[in-house]
Amino acid sequence: MRPPASGSCARPPADSIAFVEMPGHPFQVVPSSEGCWFYVSVNSSGPRSLNGVAVLRRENGRATVVRVVPVEGEPTGMALTHDGALLVVADGDHVVFLDTGRMRSGQGDPILGFFSDAEGAGSVYL
């Protein structure tokens, strides 16, 4: 179990409901265990927006979009591993494995691998 959050991400929001402008249509939100980060599967709202996972940081009582990690297909359901290091995303015919540390920092490719149930099923890319 992780210790409770400290610092600016632990500050309660000013209101019980917060609205965050998203870069597409949100499907699911998964919070980190300490509540400082949120991962939101988003699908394109038009030809200039991305399908992917939006990374939000909670700080000073507000949540803001830090970046969007693009993934092909349509990301929908997600699960975070018990240690918070890996985000598993259902993405159309694929299941994508994302490194949450790289997602938060923006350093390196966060996509660790995926497997597909499409044509050529049984393919695993790691």
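What volume does the second largest pocket have? The computed volume of the second largest pocket is about 170 Å³, in a model that is predicted.

## Pockets

The lining of the second largest pocket consists of P13, A14, D15, I17, A18, F19, V20, G61, R62 and A63. By class, seven of these lining residues are nonpolar, one is polar and two are charged.

The largest pocket has a volume of about 230 Å³. Its lining comprises 13 residues, with A18, V20, F38, R58 and A63 nearest the centre. Strands β1, β2, β3 (52-59) and β4 (62-70) each contribute at least two residues to this lining. Sorted by class, the lining of the largest pocket holds 10 nonpolar, one polar and two charged residues.

## Disulfide

One disulfide is found in a search of the whole structure. It joins C9 and C36, whose sulfur atoms are 1.7 Å apart. C9 belongs to the segment before β1 (25-31), while C36 sits in the loop between β1 and β2 (37-43), so the bond ties together parts that are 27 residues apart in sequence. C9 and C36 are both buried.

## Salt bridge

The count of salt bridges is one. This contact pairs the side chains of R57 and E59, with an N to O distance of 3.8 Å, inside the 4 Å cut-off.

Are the two partners buried or partly exposed? E59 counts as partly exposed because its relative accessibility is 36%. R57, at 24% relative accessibility, is also classed as partly exposed.

Notes: Residues are numbered from 1 along each chain as its sequence is written. This is a predicted model: local features need pLDDT of at least 70, side-chain atom pairs count only at pLDDT 80 or more; totals for chains, interfaces and linings use all residues. Side-chain values use heavy atoms; hydrogens and water are left out. Buried means under 20% relative accessible area, exposed over 50%, partly exposed in between (1.4 Å probe, protein chains only). A disulfide is a pair of cysteine sulfur atoms within 2.5 Å. Helices (H or I, at least four residues) and strands (E, at least two) are DSSP runs, numbered from the N terminus. On a 1 Å grid over the protein atoms alone, a cavity is a set of points where a 1.4 Å probe fits but cannot get out, and a pocket is an open set with protein on both sides within 12 Å along at least five of seven lines; lining residues have an atom within 4 Å of a point. Grid points are joined across faces, edges and corners, and a volume is the space filled by probe spheres set on the points. Ala, Val, Leu, Ile, Met, Phe, Trp, Tyr, Cys and Pro count as nonpolar, Asp, Glu, Lys and Arg as charged, and the others, Gly among them, as polar.
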